[in-house]
Structures are given as C-alpha cells and as structure tokens.
Amino acid sequence: MPAAHRLALDLLDEIWVPSRFLQRCYSAVTNTPVVLMHKGIELPAVRRLPLEPLGAQPGRFAALTCYDAHS
C-alpha cells in the first residue's frame, strides 16, 4: 500500500476498486468499506495470431515489446 494512500484512507466514506486483489489490499489496512466495482470496460477474447509472417519460428520463444514514446 503506497504511503500516500494510507494518509487519506480514514477520510473517505468508501473506496471503489476494480479488482478483488485491490479490495483485499485496502481492506487489510482500513476499516473504511472497500467496494468492488469491477472494470468499466469489457475486453474481447484473446485470439492467437500467426507469427510466422513476422519471422518467428514455431516452437521457438518470441517476445513482444511495446511502449509509448510520448508517455
């Protein structure tokens, strides 16, 4: 739990979190009600894409690195 979050926990009426993991984390350090709200979006099912056109060989390890140069 970040120290900055602990400072305000007792000032809140309730805490809304998007996952059970965060619900457990916050509930462990405060008596303030922690409400599981879930995420506000639904993600499509993950589907496999053929990697051979990108030069990857079947059965070999491949890694993808993504980043945003403007963040």
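User: Hi! Is Thr30 buried or exposed?

Analyst: Thr30 is buried, because its relative accessibility is 10%, and buried means under 20%. Bear in mind that this is a predicted model.

User: Thanks. Where does Thr30 lie?

Analyst: Thr30 lies in the loop that runs between α2 (20-27) and β2 (34-36).

User: And what does the side chain of Thr30 reach?

Analyst: The Thr30 side chain reaches the backbone nitrogen of Thr32, at 3.0 Å. Thr32 is in the loop between α2 and β2 as well.

User: Which residues does Thr30 touch, not counting those up to four places away in sequence?

Analyst: Thr30 touches Leu9, Asp10 and Ile15.

User: Let's stay with Thr32 for a moment. Buried or exposed?

Analyst: Thr32 counts as buried, since its relative accessibility is 10% and the limit for buried is under 20%.

User: Which backbone oxygen lies 2.9 Å from a polar atom of the Thr32 side chain?

Analyst: That is the backbone oxygen of Leu9. Thr32 also has a list of contacts beyond four places in sequence: Leu9, Asp10, Leu12, Asp13, Glu14 and Ile15.

User: Leu9 keeps coming up. What does Leu9 touch, leaving out residues up to four places away in sequence?

Analyst: With those left out, Leu9 touches Ile15, Tyr26, Val29, Thr30 and Thr32. Leu9 also belongs to the largest nonpolar core.

User: Nice. Which residues make up that largest nonpolar core?

Analyst: The core has 5 residues, namely Leu9, Ile15, Val17, Tyr26 and Val34. As background, nonpolar side chains tend to be buried together in soluble globular proteins.

User: What share of the 71 residues in the protein chain is buried?

Analyst: Buried residues account for 14% of the 71.

User: Let me zoom out. How many helices and strands does the protein chain have?

Analyst: There are 2 helices and 2 strands in the protein chain, and along the sequence they follow the pattern α-β-α-β.

User: What radius of gyration does the protein chain have, and what would a compact globule of 71 residues have?

Analyst: The protein chain has 20 Å, whereas a compact globule of 71 residues would have a value near 11 Å. Taken along the principal axes, the C-alpha atoms fill a box of roughly 55 × 25 × 25 Å.

User: And among contacts between residues at least 6 apart in sequence, what percentage joins residues at least 24 apart?

Analyst: The figure is 7% for the protein chain.

User: How about the accessible surface of the protein chain?

Analyst: The accessible surface comes to about 6,900 Å², and 58% of that belongs to carbon and sulfur atoms.

User: Switching to cysteines: how many disulfides does the structure hold?

Analyst: The structure holds 0 disulfides. Cys25 is partly exposed, as its relative accessible area of 27% falls between the limits of 20% and 50%. Cys66 counts as exposed because its relative accessibility is 64%, and exposed means over 50%.

User: Where does Cys66 lie?

Analyst: Cys66 lies in the segment after β2.

User: What stands out about the phi of His38?

Analyst: His38 has a positive phi of about 65 degrees although it is not a glycine. In general, most residues other than glycine have a negative phi. His38 is found in the segment after β2.

User: Are Phe61 and Ala69 buried or exposed?

Analyst: Phe61 is exposed, with a relative accessible area of 78%, and Ala69 is exposed too, at 64%.

User: Last one: how many Å separate the C-alpha atoms of Phe61 and His38?

Analyst: They are separated by 33 Å, with the two residues 23 apart along the chain. For Ala69 and Leu54, 15 residues apart along the chain, the C-alpha separation is 23 Å.

Note on methods
Residues are numbered from 1 along each chain as its sequence is written. This is a predicted model: local features need pLDDT of at least 70, side-chain atom pairs count only at pLDDT 80 or more; totals for chains, interfaces and linings use all residues. Side-chain values use heavy atoms; hydrogens and water are left out. Helices (H or I, at least four residues) and strands (E, at least two) are DSSP runs, numbered from the N terminus. Buried means under 20% relative accessible area, exposed over 50%, partly exposed in between (1.4 Å probe, protein chains only). A polar contact is a pair of N or O atoms within 3.5 Å; within protein, one must be able to donate a hydrogen and the other to accept it, and residues adjacent in sequence count only if both atoms are side-chain atoms. Contact means heavy atoms within 4.5 Å. A disulfide is a pair of cysteine sulfur atoms within 2.5 Å. A nonpolar core is a set of buried Ala, Val, Leu, Ile, Met, Phe, Trp, Tyr and Cys residues joined through side-chain atoms within 4.5 Å. The radius of gyration is taken over C-alpha atoms; the globule rule is 2.2 Å times the number of residues to the power 0.38. Accessible areas come from the Shrake-Rupley method with a 1.4 Å probe; for residues, only the protein chains shown count as cover.
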